[in-house]
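Colleague: Before I use a model like this one, I would like to learn how to read its features one at a time. Could you take me through them?

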Amino acid sequence: MAISRRKMIAGGVAAGAGLAGLAVADRLARAYGLVPPDCKGVYGAGETLTYAAQRLLTRHSLAREFPRGMISAAPFANAIAPPNDVFKRQQADGFKDWQLQVDGMVARPVSLSLGDIKGLGKRSQITEVACEEGWSYIAEWIGTPLVDVLHAAGILPQARYVVYYSIEHDWWESIDMGDALHPQTLLTWGMNDGDLPVGFGGPLRMRVPRQLGYKSVKFLTRLTVTDSMKGFGKGLGSAEPEGGYSWYAGI
């Protein structure tokens with residue numbers, strides 16, 4: 001039976017881990033460009049192995065979607081207050097001037113209103129938010145696929161990551177193009193048949209259902225497309241690994 005190149009690479013990574021440890025797996029992952037930004041330090045080899053195996057084996061997999069009857073009853077976990085005075089002024093004005101900047105490695109840098117974003121496409125999904133702290137809840141998320149926004153801006157071929165920022169100072173994250181172009185990754189503006197509540201990130205939130213909750217940043221104001229995480233924070237991919245969490249938080 002023929003063995004695909006992808007399976008051969010995945011087998012090599014797994015075999016490397018089993019026969020010669022993480023160091024061999026790390027070298028194999030590097031040979032195929034499957035290295036996360038937080039690849040250094042004590043846990044670097046383990047982070048690399050996890051990321052490489054996930055990307056080789058589950059790149060196109062879907063997060064589980066649930067029937068409407070399984071939506072969690074209110075109150076949900078993790079609602080938060082409006083973050084700052086700038087946000088509160090926007091909220092008082094009905095978010096009519098809310099803008100999402102899209103820049104970096106794109107052919108057409110743009111500034112999009114909420115109406116512009118909604119006009120690019122719509123998808124709804126009932127998926128689970130799972131937190132690394134142990135809580136979770138299921139909700140319907142309504143939004144525009146991130147891939148539609150990126151295509152509207154014209155992502156360049158060398159792009160590898162999308163960095164995204166909250167209106168709250170120092171709250172930012174990034175994902176690779178595998179998750180950025182995935183059909184379930186949404187710029188979310190609705191929840192459970194209504195507008196996305198402020199407590200859950202309204203008016204605009206990233207939703208990455210294949211990763212832990214901290215990748216789904218609230219109050220989005222900017223996307224930057226890039227080929228390298230150098231120059232962003234400490235170069236580890238987001239603020240989370242700077243605080244001890246993993247950059248790749250796949251579930």
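Predicted model: local features only at pLDDT ≥ 70, side-chain atom pairs only at ≥ 80, totals over all residues.

Colleague: How many helices and strands does the secondary structure come to, and what share of the residues counts as buried?

Modeller: The protein has 8 helices and 10 strands, and 48% of its 251 residues count as buried. The exposed surface comes to about 11,900 Å², of which carbon and sulfur atoms supply 55%. Among contacts between residues at least 6 apart in sequence, 67% join residues at least 24 apart.

Colleague: Which residues of β6 lie on one side, and which on the other?

Modeller: In a regular strand the side chains alternate between the two faces of the sheet. In β6, Trp172, Ser174 and Asp176 lie on one side and Glu173 and Ile175 on the other, and all of these are buried.

Colleague: Which residues of the largest nonpolar core touch the most other members?

Modeller: That core has 33 residues, and Leu187, Leu204 and Leu223 touch the most other members. Elements that each supply at least two of its residues include β1 (99-104), α6 (146-153), β7 (186-191) and β10 (220-226), and α6 gives the most, with 4 residues. Leaving aside residues up to four places away in sequence, Leu187 touches Leu100, Val149, Leu204 and Leu223, among others. There is also a second, separate core of 9 residues, which includes Tyr51, Tyr165, Phe232 and Tyr248.

Colleague: How many disulfides does the structure hold?

Modeller: A disulfide is a covalent bond between the sulfur atoms of two cysteines. The structure holds 0 disulfides. As for burial, Cys39 counts as buried because its relative accessibility is 12%, under the 20% cut-off. Cys131, at 13% relative accessibility, likewise counts as buried.

Colleague: Which peptide bond is cis, and where is Pro203 placed?

Modeller: Most residues other than glycine have a negative phi, and most peptide bonds are trans. Here the peptide bond from Gly202 to Pro203 is cis, with omega near 15 degrees, and Pro203 sits in the loop between β8 (194-195) and β9 (205-207).

Colleague: Is Phe95 buried or exposed, and what is the phi of Asn192?

Modeller: Phe95, in the loop between α4 (85-92) and β1, has a positive phi near 60 degrees, and Phe95 counts as buried because its relative accessible area is 13%. Asn192, in the loop between β7 and β8, has a positive phi of about 50 degrees although it is not a glycine. With a relative accessible area of 26%, Asn192 is partly exposed.

Methods:
Residues numbered from 1 in each chain as written. Heavy atoms only, no water. Buried < 20%, exposed > 50% of the residue type's maximum accessible area, 1.4 Å probe, protein only. Core = buried A, V, L, I, M, F, W, Y, C linked by side-chain atoms within 4.5 Å. Contact = heavy atoms within 4.5 Å. Areas by Shrake-Rupley, 256 points an atom, 1.4 Å probe, with all protein chains shown as cover. Disulfide = S-S within 2.5 Å.
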